[in-house]
Amino acid sequence: MTFRAEDTALSRRQFLVASAASCALAQQAQAQAQPAPSIAGSPEADPPTPRPGELLLVCTVNGKPERLSIDPASSLLTVLRQQLGLASVRHGCTDGTCGSCTTLLAGKRVPACLVPAALCHRQEMTTVEGLSEDGSLTAIQAAFLRHGAADCGFCTPGQVVAAHAILQEPLGPEPSALADALCGQACACDKLPQILQALASVRNQRG
Ligand code: FES
Ligand code: FES
């Protein structure tokens, strides 16, 4: 049996999706087992009525509470782009292999194109717009600029989101650890060497 790099990338992404989905399902089941507290002004206090045939999605995106009526078949990518207008979440391959839609779901990076939006009920999502708390560049964004890690910019939001997650993940000491962690993040402009330099510089700064 031939072992291919793309097999590794795909299985890793499928693992990330499965992990995030399991986490979402477990938390959703737990939340539904207990009546939600009625808090004035909270999403639960005034839920919208989903349109016929649709589902209610209550979630937090980039720190902002959202209440949405969604098509049960929608992916997280579709909801973020089309219903919340977050165009930074790129519509690339839609099969989990390019990484351009990478989003944080409950703090873990996932390909939003593979995550059913319905599994994101009561979850917290972060896109590149939500990474900075004060409007200034994050250390990773500054490093991308310093190292010239973007060209056309199509993949850049997903790369930056992935980089934020990767630097929170346990990484081995071997030199290839960052490159291995970045598998599944493609760049058609061939900027992966500069992206790796940017990640390495932030990792070194943090010790
Ligand atoms: S659009 Fe989601 S991984 Fe390519
Ligand atoms: S900078 Fe163009 S696809 Fe990555």
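Predicted model: local features only at pLDDT ≥ 70, side-chain atom pairs only at ≥ 80, totals over all residues.

Visitor: Is the crossing of α3 and α4 left-handed or right-handed, and how many nonpolar, polar and charged residues does their contact have?

Guide: On the side of α3, the residues that meet α4 are Ile140, Gln141 and Phe144, and their partners in α4 are Thr156, Val160, Ala163 and His164. As α3 passes α4, the crossing is right-handed. Sorted by class, the contact of α3 with α4 has four nonpolar, three polar and no charged residues.

Visitor: Why can the buried residues of α3 be said to line one face of the helix, and what is the arc?

Guide: The buried residues in α3 are Ile140, Gln141, Ala143 and Phe144. Among the elements that cover these buried residues are α4 and α6, the latter spanning residues 192–206. Seen down the axis of α3, the buried residues line one face of the helix because they fall within an arc of 160 degrees.

Visitor: Is Ser88 buried or exposed?

Guide: Ser88 lies in the loop between α2 (76–83) and β3 (102–105), and, leaving aside residues up to four places away in sequence, it touches Thr127, Val128, Glu129 and Pro157. Ser88 and Pro157 are 69 residues apart in sequence, yet their C-alpha atoms are 5.9 Å apart in space. Ser88 has 20 C-beta neighbours inside 10 Å, and therefore it counts as buried.

Visitor: Which loop holds Ala106, and is Ala106 buried, exposed or partly exposed?

Guide: Ala106 has a positive phi of about 50 degrees, although it is not a glycine. Ala106 is in the loop between β3 and β4 (108–111). Because Ala106 has 16 C-beta neighbours inside 10 Å, it counts as partly exposed.

Visitor: What phi does Arg122 have?

Guide: Arg122 is found in the loop between β4 and β5 (124–126), and with 18 C-beta neighbours inside 10 Å it counts as partly exposed. Although Arg122 is not a glycine, its phi is positive, at about 65 degrees.

Technical notes
Residues numbered from 1 in each chain as written. Chains lettered and ligands numbered in written order. Left-handed = near helix turned anticlockwise from the far one by under 90°. Helix = DSSP H or I, 4+ residues; strand = E, 2+ residues; numbered from the N terminus. Contact = placed C-beta atoms within 7 Å. Nonpolar A, V, L, I, M, F, W, Y, C, P; charged D, E, K, R; others polar. Buried ≥ 20, exposed ≤ 12 C-beta atoms within 10 Å, placed from the backbone. Arc of directions from axis to C-beta.
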